[in-house]
Amino acid sequence: MNKEEKELLEEVVGEDPTKADSYNIRKNGQGIKRKINPNINIVSKENNSGIDIYVKEDTLFGTINIPVIITESGLTDIVYNDFRIGKNANVIIVAGCGISNNGHKDARHDGIHRFYLEENAKVKYIERHCGLGVGDGKKVLNPVTEIYMKKGSYMVMDTTQIKGVDDTIRTTKADLEEDSTLVITEKILTSNDQQAKTEFEVNLKGENASTHVTSRSVATDNSYQEFISNITGNTKCYAHVECDAIIKGNGKVKAVPEIYAKNIDANLIHEAAIGKIAGEQLMKLMSLGLSEKQAEDVIINGFLK
Amino acid sequence: MLELKDICFSRDGKKILDHINLKLSTEKFYVITGPNGSGKSTLAKIIMGIEKPDKGSIFLNGEDITEKPIDERAKLGIGFAFQQPVQFKGITVYDLLKLSTNKDLTKQEACNILSKVGLCAMEYVDREVNKSLSGGELKRIEIATVMARKPYLAIFDEPEAGIDLWSFQNLTEVFKEIAKTSLGTTLVISHQERILNIADEIILLNQGTIQKIGPKEEVFDHIFMPKKCCKEVATCE
């Protein structure tokens with residue numbers, strides 16, 4: 001890997017990905033480096049179309065990094081990664097894709113991630129997406145996440161897409177059984193003519209299942225974002241969906257909330273707020289000596305922190 | 001020294017401030033008081049640059065700052081605590097104090113600042129400045145962001161607004177401390193007798209004009225007229 005590729009990897013993972021207990025690094029459609037351990041196994045699917053990750057039951061404090069980088073203009077990479085998390089296991093998974101496109105053709109990555117959490121399993125899943133490069137070819141990312149949660153399982157999903165991705169359609173679907181909890185936080189920043197669409201579909205099937213979905217988005221310049229959430233409560237359950245967006249310039253944001261209670265004990269809440277940066281926030285920070293531009297940056301960085 | 005010369009401000013055909021002339025000296029604690037709608041908050045906002053006067057000039061230590069924006073006035077040493085503390089998503093108390101002091105503050109230093117406004121500091125530094133904090137807590141943090149700057153002129157717009165009586169009693173102590181230790185000018189907008197009692201001078205505003213300015217002994221007679229009236233009525237009976 002050259003310096004640019006290493007930097008791209010670190011941008012996705014947040015640090016050197018090979019520091020983890022286990023990892024699988026994929027570059028331009030091919031797996032290039034892998035590490036497994038007695039508790040965490042990674043197996044390639046046929047035709048190199050993805051990997052199966054097996055975490056043994058009762059595995060504690062495991063970390064798994066599975067970053068993808070694309071540096072070839074014109075490449076479309078579709079990958080299927082399945083995570084099977086055993087009973088009572090507790091792991092941190094860092095995934096995501098960095099595209100550096102210096103050419104004229106579009107570069108695209110569609111990562112389809114399926115999570116199967118067995119009883120009382122705990123997962124923290126961090127996903128970062130970014131685009132770099134000076135070419136006029138688009139950087140396109142279309143992640144799909146499917147989550148199946150058994151009794152008592154718990155998953156936190158933090159996704160971030162804060163620069164350089166031209167087009168994205170993000171799809172997240174989850175089925176929650178009894179006493180399971182899913183916490184999703186999504187942060188998206190779009191600029192120039194970028195477009196991002198994100199769709200959540202959470203099905204609260206088991207008693208006392210709960211979910212908390214927070215979406216923070218900033219749309220600047222001529223960019224467009226769409227947030228769709230669809231939560232169904234089939235039994236005694238709880239859901240809270242929060243969509244907050246800041247618009248700047250000609251940025252546009254559309255939020256389409258849908259909550260469907262099918263049971264008298266389903267407690268579902270949706271909050272959505274879209275607007276420009278509040279004038280009083282700017283004034284407060286300016287009264288501390290910040291210029292208007294500095295104040296805007298502080299507000300947006302805090303919002304997406 | 002801050003000097004306001006002939007400040008006028010109208011909105012929707014109504015005179016909010018009507019030819020205000022005022023000089024504030026260094027190291028003095030002033031309280032502006034007056035009925036609702038008398039122009040107190042507008043006057044404070046005009047000094048900070050949040051509102052622009054229709055007419056008149058503002059001088060800070062002889063420099064005309066009338067056309068200067070908020071941030072430049074802040075850099076010249078004016079601080080402003082908002083009546084409704086501003087809330088932020090994702091910005092912590094620590095972040096805000098770092099911005100206030102404009103330096104790489106340690107957590108211990110941030111805690112020391114919070115202690116001055118009566119907050120048990122370690123519990124607060126990492127909390128977001130959002131609706132999870134109570135009105136009294138937000139108010140204290142707002143005051144702390146101004147104190148942290150050690151401004152030449154500190155303006156506090158109705159510190160008692162929106163907080164319960166118990167919290168306010170504790171806040172009074174904070175202002176007593178400011179009155180004792182501040183090396184600059186302090187200007188507080190307040191209706192509260194406890195705050196008025198701290199003042200070196202009281203400015204009584206009414207219908208956009210300064211009705212009376214002077215030490216509290218002189219101004220109290222004007223402010224507490226209703227009490228006297230009551231006594232007179234009692235005597236007559």
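This is a predicted model: local features need pLDDT of at least 70, side-chain atom pairs count only at pLDDT 80 or more; totals for chains, interfaces and linings use all residues.
Mentor: Residues are numbered from 1 along each chain as its sequence is written, with chains lettered from A and ligands numbered from 1 in the order in which they are written.

Trainee: What makes a residue part of the contact between chain A and chain B?

Mentor: Two residues are in contact if their C-beta atoms, placed from the backbone, lie within 7 Å. The contact takes 17 residues from chain A and 19 residues from chain B. On the chain A side, H2(A) gives the most, six residues.

Trainee: Why are S1(B) and S4(B) called paired?

Mentor: Pairing takes at least two bridges found by DSSP between two strands. Strand S1 (residues 2-11) and strand S4 (residues 55-60) of chain B have five bridges, so they count as a pair, an antiparallel one. Cys8(B) stands opposite Lys55(B) in S4(B). The open sheet runs S2-S1-S4-S5 in chain B.

Trainee: What makes S2(B) and S5(B) edge strands?

Mentor: Each pairs on one side only.

Trainee: How do you know the angle between H2(A) and H3(A)?

Mentor: Lines are fitted to C-alpha atoms over the stretch in contact, and the angle, from 0 to 180 degrees, is taken between N-to-C directions. For H2(A) and H3(A) that gives about 115°, with the axes 9 Å apart. Leu282(A) and Leu285(A) are among the H2(A) residues that meet H3(A).

Technical notes. Helices (H or I, at least four residues) and strands (E, at least two) are DSSP runs, numbered from the N terminus.
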